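Reader: I would like to go through a protein model step by step. Please show it before I ask anything.

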Amino acid sequence: MENTALDLLRTVFGHPDFRGEQAEIVTHVADGGDALVLMPTGGGKSLCYQLPAMLRDGCGIVISPLIALMQDQVEGLRQLGVHAAFLNSSLDAETAARIEREWLGGELDLLYVAPERLLTSRMLGLLDRVHQHGRLALFAIDEAHCVSQWGHDFRPEYRQLTVLHERWPDVPRIALTATADPPTQREIAERLQLDDARRFVSSFDRANIRYTVVQKDNARRQLFDFLQGHAGEAGIVYCLSRRKVEEIAEFLAGHGIDAVPYHAGMDARLRAENQRRFLHGEGVVVVATIAFGMGIDKPDVRFVAHMDLPKSIEGYYQETGRAGRDGEPAEAWMCYGLGDLVLLRQMIEQSESGEERKRLEHRKLDALVGYCESMRCRRQVLLSNFGEEYLPVEAPQSSPCGASGSICGNCDNCLQPPEAWDATEATQKALSCVYRSGQRFGAAHLIDILRGSDSEKIRQFGHDRLSTHGIGADLDAKTWRGVFRQLVAHGLLDVDAEGYGGLRLTAASRAVLKGEQTVMLRKIVVKRERTRVAART
Ligand code: ADP
Ligand code: ZN
């Protein structure tokens, strides 16, 4: 009796129906076609190769970069009664030999292997043998973006996977990824020789995730306030540095939140324990560096908070994509300030990377900053980065204040359309202040000058005698911080990233200084403080 894909989906996996393009992908690959599948995290990629592997003769080989990921998948499959196994460095020789015997004996439907293992001459020889017996069902290349040198998960061995096509051209290949900015897509197709493969691109929209970006002011208090809306819920708080991870975790724990730290510098046992608590506990908040998350499959993560800027939109999308995999409402919240931008610019500039790489990283950061500063629907901006056009769910209603109106209805800019103000005069003051003080100070000091502070540092530099001293006293410091941040974001000021991060004029600044250009900026919404965080931090 022959099983159809739908039968298997129902009887083995217990799902009533296929989702999205799964059915088409499964049929295409089961019929021997090559495929490149771009689907967001949680979209259901695994079934796209698992089912064809079960439908075709022999065993499907799944190349997967992470041992933890393989183990979870295989365990899950075995519980469903699927004959699956993995081969990687975590196995002792005896177990590995047993699995090889099962495989060669035709007992397996799916075999997961790490790329470096697959590329050994021993493994290639075994694959030849299996192939001779017509028992190579397919090759699935999971996390295919690892082939991209520009991505954050680059794995050099992925580049050598062209061997699959060269050595066994008749075996169908399916490459899958949740990272899909168009350049990475092209790179995957090219590097894995999948130019002729059929492409299946799903929408990357995660409708249940609400996106919010707030101006960094008092980051800890802002985080604490945000968490009040998620009491007892599991979530991830991302920070850039290990030290900050420790500090924030301690701060939250000190304020009655069940928070644990996670970063690569921790004692391995404690780290594993914290991960376990997050995965299996109730409402645990993990404070982590981006080392945490790849391969974490926890469906009920209710929020992902960023205390620092991620490095790119793709990174941000991946990290926030860990929220709400169960489809229930979830939040992606980010707290962002000029300091982050200056720091990241410096990190890029002062790294060991070559010039081309640095330029690319600056560009990626620009795109992310564009997202943060945008007054448009966040979802629209995010998806346009993946080459996807997001159209309003319903006809957009023009709001009474003349703002753009709601597009997705589930991001801060849609829910509370931002207002713009004519900041030309403030910008001129800010730019002259930068110029008069010698183009080497950061925003905090410049704001002190503008607001007419007579602190020791101001007097020490003689900045109390500048013509710009005190000319910005009409605006509060918070508004000025917003102004400087946006001027940098919009290219009207530039960060001296090779030095101490001072602000400098740019070519674009001149037009504003000469009064030839007006500047509209986003109005900072000053939110009433909901809670006071005790000073015991
Ligand atoms: P991805 O690898 O794309 O992140 P997974 O393959 O891990 O996603 O699937 C995500 C979740 O969706 C899993 O819990 C899986 O069981 C579930 N899922 C996948 N396909 C279906 C379907 N057709 N119907 C219901 N649930 C599904
Ligand atoms: Zn929106």
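Author: The questions below take this predicted model from its overall build to its ligand.

Reader: How many helices and strands are in the chain?

Author: Both kinds of element are counted along the one chain, and the helices come to 22. The strands in the chain number 17. The count is therefore 22 helices and 17 strands, and the radius of gyration of the chain is 26 Å, close to the 24 Å from the globule rule for 537 residues, so the chain is as compact as a globular protein of that length.

Reader: What share of the contacts in the chain joins residues 24 or more positions apart?

Author: Contacts here are those with a separation of 6 or more. Of these, the part between residues 24 or more positions apart is 73%.

Reader: How many residues does the largest nonpolar core have?

Author: Buried residues make up 42% of the 537 residues in the chain. In the largest nonpolar core, Val 237 is among the residues with the most contacts inside it. Another core, of 58 residues, lies apart from it and includes Leu 77 and Leu 111. The largest core has 84 residues.

Reader: Which residues does Val 237 touch, not counting those up to four places away in sequence?

Author: Neighbours up to four places away are left out for Val 237. What remains is Leu 223, Ile 248, Val 285, Val 287, Ala 305 and Met 307.

Reader: Which class has seven residues in the shell around ligand 1?

Author: The residues around ligand 1 include His 15, Arg 19, Thr 41, Gly 42 and Lys 45. Three of the shell residues are nonpolar and two are charged. The class with seven is polar.

Notes. Residues numbered from 1 in each chain as written. Chains lettered and ligands numbered in written order. Predicted model: local features only at pLDDT ≥ 70, side-chain atom pairs only at ≥ 80, totals over all residues. Near = placed C-beta within 6 Å. Nonpolar A, V, L, I, M, F, W, Y, C, P; charged D, E, K, R; others polar. Helix = DSSP H or I, 4+ residues; strand = E, 2+ residues; numbered from the N terminus. Rg over C-alpha atoms; globule rule 2.2 N^0.38 Å. Buried ≥ 20, exposed ≤ 12 C-beta atoms within 10 Å, placed from the backbone. Contact = placed C-beta atoms within 7 Å. Core = buried A, V, L, I, M, F, W, Y, C linked by C-beta atoms within 7 Å.
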